[in-house]
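User: Please take a close look at one part of this model and describe how it is put together. I would also like the side-chain contacts listed with the cut-offs behind them.

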Amino acid sequence: MSRPKVFVTRPSVPKEGIELLKKTCDVEIYDEEKPIPREALLKGVAGKDALLCLLTDPIDKEVLDVAGPQLKVIATMSVGFDHIDIEECKKRKIAVSNTPHVSTDSVAEFTVLLMLAVGRRLFDAAAAIKNGEWVYSWSPLWLCGQGLKNATVGIVGMGRIGQAVLQRLLPFGIAKALYYDVFHPIQPAEELGAIYTPFDDLLKQSDYVVAMCNLSEETRGVFNKKAFDLMKPTAVFINTSRGGVVNQDDLYDALKNNKIRGAGLDVMVPEPLPKDHKLTTSPNIALLPHVASAEVSVRILMAEMAANNILNALDGKDLVSPVY
């Protein structure tokens, strides 16, 4: 009996996941450490029973047509799956999985790190010495920021990661945690003291506004001029969710015109962001290259989950983490 054939779109997928697949499958791996070109993707997926892909790989009708009717499962090594045509997969009865949960703690830690770094002006302070700006040994208000103690924090999107962020904020002595989510009340968050607040009111009251929402037609560009105009001029905006929830032109204008105090983004549009993008010229923003879950241990767990999803689908078993 022939072994199932699996195509993997990046050679740096951790070996722990690859070795799981190799026990029972023939595995072909794209050999260059970069997003796979379209032609190579179409060539590689042809005739395969399973595909392990990344969020940089658009999986549309053409890819599915080329793959052929024997394709049983697509496992993306990411939480997001908007790069996959889910409706087309449903029509063809192709199972689709992602890798949720395993990065929750990592992203939550990073989100709080970014809140503190922007709020306390860590990046400005780190640059001050390199730029020759440390002229006097000490000045009372130089590089002063505002931390989390006694702050009102508004979290937009109170899913798993939003709740994990909330748990990590409480020991800092925040004054109040507000949340907005289309699904409410969210009991675990409210048991921790979070207060459901309409979106506009949350923006008006918060010292920190943290985007933790999924990207959908309802949330696309929801952080726009209107939203930034409602925020306090001392507010800090943080996004570690999806770049598309922010209107970046409006964010740039808000920062330039001091409508808000600062911002920290780990996700943006496009990715990678060009080094000459106007956001890079704003002095009160921290831009990071989508690294909130960048821990080796997390990547290994993601690879293993993707591999186990593939193996389960090929064995006719339920997926570990199905998208639908």
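Analyst: The account below starts with the sheet, goes on to the aromatic side chains, and ends with the salt bridges.

This is a predicted model, in which local features need pLDDT of at least 70 and side-chain atom pairs count only at pLDDT 80 or more, while totals for chains, interfaces and linings use all residues. Residues are numbered from 1 along each chain as its sequence is written, and side-chain values use heavy atoms, with hydrogens and water left out.

The protein is divided into domain 1 (5–101 + 296–315) and domain 2 (146–287), with bounds that come from an automatic or database domain assignment. Taken over C-alpha atoms, the centres of the two domains are separated by 32 Å.

Two terms are needed for the sheet. Helices (H or I, at least four residues) and strands (E, at least two) are DSSP runs, numbered from the N terminus. Two strands count as paired if DSSP finds at least two bridges between them.

The sheet is open and has 7 strands in the order 8-7-6-9-10-11-12, paired in parallel. Its edges are strand 8 (195–196) and strand 12 (285–287); each has a single partner strand, so one side of each is left without a neighbour in the sheet. Strand 6 (residues 152–156) and strand 7 (residues 176–180) run parallel and are joined by 5 bridges. Within this pairing, Gly154 has Leu178 of strand 7 as its bridge partner.

The angles quoted run from 0 to 180 degrees between N-to-C directions, with axes as lines fitted to C-alpha atoms, for helices over the stretch in contact. Helix 7 (residues 160–169) lies across strand 6 and strand 7 and runs at about 165° to strand 6. Helix 11 (residues 248–256) also packs on the sheet, where it touches strand 10 (236–239), strand 11 (262–265) and strand 12, with its direction at about 145° to that of strand 11.

Rings of Phe, Tyr and Trp (its six-membered ring) pair if their centres lie within 6.5 Å; planes under 30 degrees apart count as stacked, over 60 as edge-to-face and the rest as tilted. For accessibility, buried means under 20% relative accessible area, exposed over 50%, and partly exposed in between (1.4 Å probe, protein chains only).

The structure holds 6 aromatic pairs. One of them is the edge-to-face pair of Tyr179 and Tyr196, with 5.6 Å centre to centre and 70° between the planes. Tyr179 is in strand 7 and Tyr196 in strand 8, so this pair ties together parts 17 residues apart in sequence. Tyr179 is buried at 0% relative accessibility, whereas Tyr196 is partly exposed at 28%. Tyr180 and Phe199 form a tilted aromatic pair, 5.7 Å centre to centre with 50° between the planes. Here Tyr180 belongs to strand 7 and Phe199 to helix 9 (residues 199–205), so the parts tied together are 19 residues apart in sequence. Tyr180 counts as partly exposed at 25% relative accessibility, and Phe199 as buried at 15%.

Charged side chains come last. A salt bridge is a side-chain nitrogen of Lys or Arg within 4 Å of a carboxyl oxygen of Asp or Glu. By this rule the model has 20 salt bridges.

Arg168 lies in helix 7 and Asp105 in helix 5 (residues 104–119), so the bridge ties together parts that are 63 residues apart in sequence. Both partners are partly exposed, Arg168 at 23% and Asp105 at 46%.

Another salt bridge joins the side chains of Glu62 and Arg38 (2.8 Å, N to O). The pair links distant parts of the chain, with Glu62 in helix 3 (residues 61–67) and Arg38 in helix 2 (residues 38–45), 24 residues apart. Glu62 is partly exposed at 40% relative accessibility, as is Arg38 at 26%.

Lys61 and Asp65 also form a salt bridge (3.1 Å, N to O). Both lie in helix 3, 4 residues apart, about one turn of the helix. Lys61 is partly exposed at 44% and Asp65 at 41%. The two residues are part of a salt-bridge network that links Lys61, Asp65, Glu88, Lys91 and Arg92.

Key: Contact means heavy atoms within 4.5 Å.
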